[in-house]
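Please keep the viewer open as you read.

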Amino acid sequence: MPRIDNDIKLDFKDVLLRPKRSTLKSRSEVDLLRSFTFRNSKQSYSGIPIVAANMDSVGTFEMAKALSKFSLFTAIHKHYTLEQWKEFACNNPDCLQNIAASAGTSPSDLEKLTSVLELLPDIRYICLDVANGYSEHFVEFVKDVRKKFPDHTIMAGNVVTGEMVEELILAGADIIKVGIGPGSVCTTRIKTGVGYPQLSAVIECADAAHGLKGHIMSDGGCTCPGDVAKAFGAGADFVMLGGMFSGHSQCGGDIIEKNGKKYKLFYGMSSETAMKKHSGGVADYRASEGKTVEVEFKGDVEGTIRDILGGVRSTCTYVGAAKLKELSRRTTFIRVTQQLNTTFN
């Protein structure tokens, strides 16, 4: 029998943060650095926990170089060759503490991941990424990777409910990626009807993870710096961004010129574009669950980074949080029917 959960579930667009008294004089006083010790790897992290997604248009070596300067993190996409990894590591040893090597669950993915981590022992993070983190196969795969790499910090996902967050943490993952369908180039909700509003997913999954001393990463749904702040306010330890980091010089792919304007391609990793590029096409038994868009070229990503960090610092001053760590404790969300005045949009 199908059933309906009548509890209200909310997205970033459904809320605003309520301002509160603050003793902060300036946003420059806000400390965005976080320090974590992970439950299963026992490794420590220190940095600003904003992460470039492991998409081949965003999770690039060039992006890692740019983000690392600001203490931000990059999940590197899984399609680089060992030679490319070697060259990057030789030229950018300082970046290795701020990146993860990514893999899916195929035997060839695991083989390649193993080769990368054996070649570059300074990489301490693994990003295990599948569209559907609910399969038993994925849980078993996380257990196998944990056995193989007992001291590495494992990010795994994606899921949107507390019980699956708990299962993946108990299987050996440290940071659970939360989000099904909220991404700007994800069509899972249209193709399958499956999903969960991202703000509620983050609140519920953070509660489940923190009870086990685990961590979560909000993945998808952020369209502006205010959404990044809402994700942190909802309890996310890390926030992963794809679309907000797209269209920059550091992104993969060539610049396309059309009618005197410059663009870069941005596409979901389950899109026809990605599958043609990396797998020879869309398999007969599946549908593409991503779209391909032309994003207006934005130049160097540094300006976007400063915009995001400035926005989150400003959020903290509005709610009286001197540190990013305090933001979720100072957050009260109010439900709204309208985010902003759209007269000139």
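Let us begin with a pair of helices. The axes of helix 4 and helix 5 come within 8 Å and cross at roughly 30°, which makes helix 4 roughly parallel to helix 5. Axes here are lines fitted to C-alpha atoms, for helices over the stretch in contact, with angles running from 0 to 180 degrees between N-to-C directions. Angles under 35 degrees count as roughly parallel, over 145 as roughly antiparallel, 65 to 115 as roughly perpendicular, and the rest as oblique. Helices (H or I, at least four residues) and strands (E, at least two) are DSSP runs numbered from the N terminus.

A word on the source: this is a predicted model, in which local features need pLDDT of at least 70 and side-chain atom pairs count only at pLDDT 80 or more, while totals for chains, interfaces and linings use all residues. Residues are numbered from 1 along each chain as its sequence is written, and side-chain values use heavy atoms, with hydrogens and water left out.

**Helix 4 and its surroundings**

Which residues bring helix 4 and helix 5 together? From helix 4 come Phe-138, Val-139, Val-142, Lys-143 and Arg-146, and they meet Met-164, Glu-167, Leu-168 and Ala-171 of helix 5; contact means heavy atoms within 4.5 Å. The residues of this contact divide into six nonpolar, no polar and three charged. In that count, Ala, Val, Leu, Ile, Met, Phe, Trp, Tyr, Cys and Pro are nonpolar, Asp, Glu, Lys and Arg are charged, and the others, Gly among them, are polar.

Helix 4 itself has 13 residues (136-148), which at 1.5 Å a residue should span 18 Å, and its end C-alpha atoms are 19 Å apart, in agreement. The expected span is 1.5 Å times one less than the number of residues. Phe-138, Val-139, Phe-141, Val-142, Val-145 and Arg-146 are the buried residues of helix 4. They cover an arc of only 160° around the axis, which puts them on the same side of helix 4; the arc is that of the directions from the helix axis to the C-beta atoms. On the other side, Glu-136, His-137 and Lys-147 are exposed. Buried means under 20% relative accessible area, exposed over 50%, and partly exposed in between (1.4 Å probe, protein chains only). The cover over the buried residues includes helix 3 (107-119), strand 7 (125-129), strand 8 (153-159) and helix 5 (162-171).

In helix 2 (residues 82-91), Trp-85, Phe-88 and Ala-89 are buried. Seen down the axis, they fall within an arc of 95°, so they line one face of helix 2. Glu-83, Glu-87, Cys-90 and Asn-91 are exposed on the other side. Among the elements covering the buried residues of helix 2 are helix 1 and strand 6 (99-103).

Lys-65, in helix 1 (residues 61-68), is partly exposed at 34% relative accessible area. Leaving aside neighbours within four places in sequence, Lys-65 is in contact with Phe-88, Asn-92 and Cys-95.

**Backbone details**

Most residues other than glycine have a negative phi, and most peptide bonds are trans.

| Residue and phi | Loop | Relative accessible area |
|---|---|---|
| Lys-213, about 60° | between helix 7 (198-211) and strand 10 (215-219) | Lys-213, 65%, exposed |
| Asn-259, about 50° | between strand 12 (255-258) and strand 13 (261-267) | Asn-259, 83%, exposed |

Finally, the peptide bond from Gly-157 to Asn-158 is cis, with omega near 20°, and Asn-158 is found in strand 8.
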